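Biologist: Please take a close look at the aromatic pairs in this model. How many are there, and what does one of them tie together?

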Amino acid sequence: MEQSAAGMGMRGRSGIMALVAECLEQPHGTERPVTMLVGPRGSGASEAHNGAMERFGVDHPFAYLNFAADQALLPRYALALIARQFERRLPQYRASHFPRLTLGLLASDRELRMTTRSEGRRAIQQQLDQFRQQAEDRYGDYLGAFLEVAGSALGAPNGAPAVVAALLRDAARGGGRRLLPGRRFAGAPQWFAAHPLVPSRDPWDALLELNMWRHSGTGQEKRILDRVLFAAFLDDLRHDTARRFAPGSYLLLLDNCHTDQGRLFLELLTGARRDAALAGAVCDPLTVVGSSNRWLDNWGPSSGDQWPWRLRSPDRASLRDWRERRPAHDSDDSWWYPLRLRDLTLDEVRTGVELASPRHSGLAPFVHRLTRGLPVAVGQVMEVLDLANARSRGGRELDLWLRSLPGRQMRSTPGTSLVDAALDHLLEDFSATQREALVRCAAARDLAMGSRVLNSVAPGGAGEPLFNEVRSRWLLDPDARGQPHLHPWLRRLLLWRLAADPDEWDTVHELLAEHFEAEEQSAEALYHRLAAHHVDEVVDRLTGHFREMAAVHWIRLVNAVTSAPNRLPSDRPPVELLGDLAPEEPAHAITDTSVIRGLVCARWLWSDPLGDPGLRLNSVIAARYDRLSELRGSDIVALYDEAERYRRWRHRPAGTDGE
């Protein structure tokens with residue numbers, strides 16, 4: 001179940017595969033972007049990497065690195081591991097070689113022994129030969145030595161199918177080339193002497209410079225060494241693709257690039273491309289796909305207002321789109337192509353559920369409504385639904401079972417509830433104080449507003465910094481217009497946690513209601529009054545507006561207010577809860593107030609996916625609108641239309657009115 005649930009993340013990602021295919025097919029020298037897949041944890045980046053390896057890894061040289069590995073992946077280690085994987089022999093191509101990179105790594109590897117610079121210049125070739133020979137004797141080839149010090153970065157992405165794991169093992173073990181003695185350093189020392197960042201013009205003196213930078217240089221000199229190594233790597237690729245029967249392009253997949261070493265690698269890679277372009281060199285043949293669940297520092301403030309790029313959906317990705325929108329070569333941002341991984345649509349969730357757990361196919365609308373299609377959330381909910389004791393439930397019994405879903409145990413992490421597992425995944429690296437503050441702030445629809453209003457009750461004064469942290473991790477709803485809303489799934493998780501403390505729940509909603517009353521934002525104030533269970537007050541206010549407002553505006557107000565969260569008991573089915581909140585009145589006692597109370601309470605339950613999992617209150621809401629149209633007497637078309645909408649309900653895209 002875990003693998004099939006994880007695989008749901010690739011549904012709707014065909015645009016990424018099309019872009020990769022388009023880049024790989026380009027002729028020698030074509031400029032290609034550094035495509036970045038961004039989104040919160042669990043938005044499908046690992047599935048995209050798996051899909052790219054599965055589809056292209058058999059026919060194209062590829063390399064995969066995971067920068068979230070336990071060991072820090074220094075730039076030189078990363079380059080060596082990539083080159084090692086690219087050297088994998090494919091039957092249709094000549095073997096790839098990296099003489100410049102290999103020599104640069106060798107020359108800066110172990111400190112060269114010398115008493116004078118002239119002595120070091122005479123002895124350097126002999127010592128480098130010894131270093132290389134020792135590595136070959138122990139590991140089979142020089143680059144193979146890096147598998148021991150940094151091989152943990154080659155682990156397969158989460159949910160990788162067996163074919164991907166096998167390809168990765170083959171790429172790591174199948175590389176390695178012993179060069180003939182006469183060709184070990186052919187032309188490479190002269191390349192370093194000619195590089196503009198290396199001051200020495202004597203080839204062996206240039207290699208001594210690299211060695212001294214690594215072992216006794218300043219921080220700036222160590223960074224220059226990294227830049228030279230990246231330039232050597234890209235130049236090796238350019239020369240390699242120019243040979244007959246050589247691959248025309250290479251696929252580089254970089255996972256978890258938000259880490260310090262991941263950001264540094266990308267900075268060096270894009271910098272090397274910029275330098276080469278400004279020097280008039282043709283572009284390297286790398287097709288790069290990276291992923292990050294954080295905003296990268298070198299993109300500027302996480303608001304994005306100083307960055308020239310605007311995020312695209314993978315569905316709209318293409319080389320043409322990148323070329324039309326990219327800045328000029330002299331800009332640090334010229335090579336980026338950021339794609340915002342989107343949530344799954346209802347149809348994609350339905351297809352995934354049918355494949356992963358056919359007996360639950362009828363629950364696909366509920367799963368999508370609850371998770372809003374976040375791939376990891378769909379997988380987690382389906383894991384809970386797939387438990388043995390959930391298989392035979394139906395009707396009222398299933399409604400009750402689903403209403404208590406947040407507290408159900410996960411099979412993959414015994415003893416951990418769904419809400420705990422999901423929050424731990426999305427809020428990894430958030431401190432306990434930040435999580436507590438975020439639980440309170442989630443009571444507000446607008447996170448920035450919640451941070452400001454509730455700052456006084458947040459330990460440590462977590463206000464704007466907390467908001468920035470959430471935004472930089474792509475945890476805001478990308479479909480929210482104008483206001484920074486949390487992703488609906490994350491907000492539900494936080495509200496479930498808040499509901500565990502009734503006093504805290506009431507306190508934060510009362511504070512928010514008072515704030516919005518003072519700001520004369522009556523709809524927001526009523527929203528929080530209803531969340532705090534002031535049903536009578538809310539009904540009285542809406543009843544007063546019923547005769548005063550145009551019907552279409554009144555319906556919009558009702559929808560806004562009744563989308564408020566609730567902490568109603570989870571051990572009662574929705575119809576029984578409605579009976580407690582709005583008992584049926586005798587026919588002779590029906591008034592505007594009694595009908596509106598029934599409508600408000602029914603839609604309040606209905607708007608929570610766990611309040612009415614099976615949407616059994618649709619007919620109740622429709623009946624209340626029918627009755628209101630009879631009581632109103634004029635301006636009733638909108639009321640009749642709303643009744644018909646619920647009576648013939650169709651699930652629509654997330655974010656539309658009524659969902």
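Modeller: Start with the rule: rings of Phe, Tyr and Trp (its six-membered ring) pair if their centres lie within 6.5 Å. Planes under 30 degrees apart count as stacked, over 60 as edge-to-face and the rest as tilted. By this rule there are 22 aromatic pairs. One of them joins W299 and W336. W299 lies in the loop between β4 (286-292) and α13 (319-325), whereas W336 is in strand β5 (residues 336-340), so the pair ties together parts that are 37 residues apart in sequence. Helices (H or I, at least four residues) and strands (E, at least two) are DSSP runs, numbered from the N terminus.

This is a predicted model: local features need pLDDT of at least 70, side-chain atom pairs count only at pLDDT 80 or more, and totals for chains, interfaces and linings use all residues. Residues are numbered from 1 along each chain as its sequence is written, and side-chain values use heavy atoms, with hydrogens and water left out.

Now check burial. Buried means under 20% relative accessible area, exposed over 50%, partly exposed in between (1.4 Å probe, protein chains only). W299 has 2% relative accessibility, so W299 counts as buried. W336 has 1%, so W336 is buried as well. Both belong to one aromatic cluster, formed by W295, W299, W307, W336 and W474.
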